[in-house]
Amino acid sequence: MNTMGRALAAWWARPWIPPEYGKLPYLWLLSLGYLFWKFAYVRPTAAELALLALSFVFFFWLYCASYWARGWQVVACMLAACLLGAAWVPWNAGGAAFFIFACAMASHIVDLRRVVLAIAAVIAAALLASLLLDQPQMRFLFLLPVLTAGIPVSIGSIMDARLRRSRQALLRKQEEVEHMATIAERERISRDLHDLLGHSLSLIALKAELAGKLAERDTDACRAACRREIADIEAAARQALAEVRSAVSGYRESGLAHALASARASLAAADVELDERVERVQLAPAAEHVLALALREAVTNVVRHAGARRCTLSLAVEQGNAVLRVSDDGARLRGADDLRHGNGLTGMRERAAALGGKLAVRVGAGLALELRVPAGGAA
């Protein structure tokens, strides 16, 4: 019993009509007042009033259910409304109101052709129901509202339903766009954090390894060098923390000059000779940001994976494009199969494409990377 009570309470608490329809559907129920026109010249009996009350209660439930109905349920609601109207036709011509509501219920059918067929079936049912009336004048009074109000109401309901579905589809598309934008932003942040932390942590790891080796030598010079390496580790860690905080807050400054200085330090710590040919060029902030991140990633790859002894770095402007080239003499690669396209290279390629540039990678005696982006910003 308690279970049934809770179920009834839940049913009573839920909205009778979907909230997106507002309060207007309740106002349309005033159309049932057409059933009382008869009583302007005929006094109703108690039995008739009782049947009217029961009909109102049943139809109110049926009317609300039609807004939640889908598929065959809509057809069932329309059929029930037509049967209720046909039951009242011999006693009250106002039963035409139920056929009008049945026409409006057809708008809940999605397929337009089926909607038209359903409305035609309701009007045909109203024509058949009018045969239950003996007097031609009463048939006219019954069919007049069905034809003059039922068809316009049907058209208005269909237009409103289609507009509502289009609006809901648009909202879903907007939600999908927002979701895709969120995913893209997360991927961008992931790429940037990978570039920032990958470089900084590689430098810290190299210096920590060097400090560990120096600590094993019990000489004053080694101890002093070890302290310098530890100080560099602390500075690199603080710099990495500052860059991560700046990236998260969205106000990161990843200038090319800082990336070049950091690249020199990383290569020197890894005992890699640097051949640097960098021109002074004027770059748009977006292009400088992409080049700086690409330089970080390229140097990180040289230090961590290449096993190189020499690295060549150049930056110049060619035909309006800023061209960054980084190559090393590391482990010989036989072809593209030996090259793993991880997050770093993928991030470089995506950022370059966003500016209208491109990334080229050549393998052979080491790795050669060439990045071209418009020097003046996005293409």
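How are helix 3 and helix 4 oriented to each other, roughly parallel or roughly antiparallel? Helix 3 and helix 4 are roughly antiparallel to each other.

## Basis of the model

This is a predicted model, in which local features need pLDDT of at least 70, side-chain atom pairs count only at pLDDT 80 or more, and totals for chains, interfaces and linings use all residues. Residues are numbered from 1 along each chain as its sequence is written, and side-chain values use heavy atoms, with hydrogens and water left out.

## Helix 3 against helix 4

The axes of helix 3 and helix 4 cross at roughly 165 degrees and come within 9 Å. Axes are lines fitted to C-alpha atoms, for helices over the stretch in contact, with angles from 0 to 180 degrees between N-to-C directions; under 35 degrees counts as roughly parallel, over 145 as roughly antiparallel, 65 to 115 as roughly perpendicular and the rest as oblique. Helices are DSSP runs (H or I, at least four residues), numbered from the N terminus.

In contact (heavy atoms within 4.5 Å) are Glu48, Leu51, Leu52, Ser55, Phe58, Phe59, Leu62, Ala65, Ser66 and Trp68 of helix 3 with Gln73, Cys77, Ala80, Ala81, Leu84 and Trp88 of helix 4. By class, this contact has 12 nonpolar, 3 polar and 1 charged residues. Nonpolar covers Ala, Val, Leu, Ile, Met, Phe, Trp, Tyr, Cys and Pro, charged covers Asp, Glu, Lys and Arg, and the others, Gly among them, are polar.

## Helix 4 against helix 5

Helix 4 (residues 72-88) packs on helix 5 at an angle of about 170 degrees, with the axes 8 Å apart. That makes the two helices roughly antiparallel. On the helix 4 side the contact includes Val74, Met78, Gly85 and Trp88, and on the helix 5 side Phe98, Phe99, Ala102 and Met105. The contact of helix 4 with helix 5 has 12 nonpolar, 1 polar and no charged residues.

## Aromatic pairs

The structure holds 9 aromatic pairs (ring centres of Phe, Tyr and Trp, its six-membered ring, within 6.5 Å; planes under 30 degrees apart are stacked, over 60 edge-to-face, the rest tilted). Phe36 and Phe56 form a tilted pair, 5.8 Å centre to centre with 40 degrees between the planes. Phe36 lies in the loop between helix 2 (24-28) and helix 3 (46-68) and Phe56 in helix 3, so the pair ties together parts 20 residues apart in sequence.

Phe59 and Phe98 have ring centres 5.1 Å apart and planes at 70 degrees, so this pair is edge-to-face. Phe59 in helix 3 and Phe98 in helix 5 (residues 96-105) are 39 residues apart. Tyr21, Phe59, Tyr63, Tyr67, Phe98 and Phe101 form one aromatic cluster.
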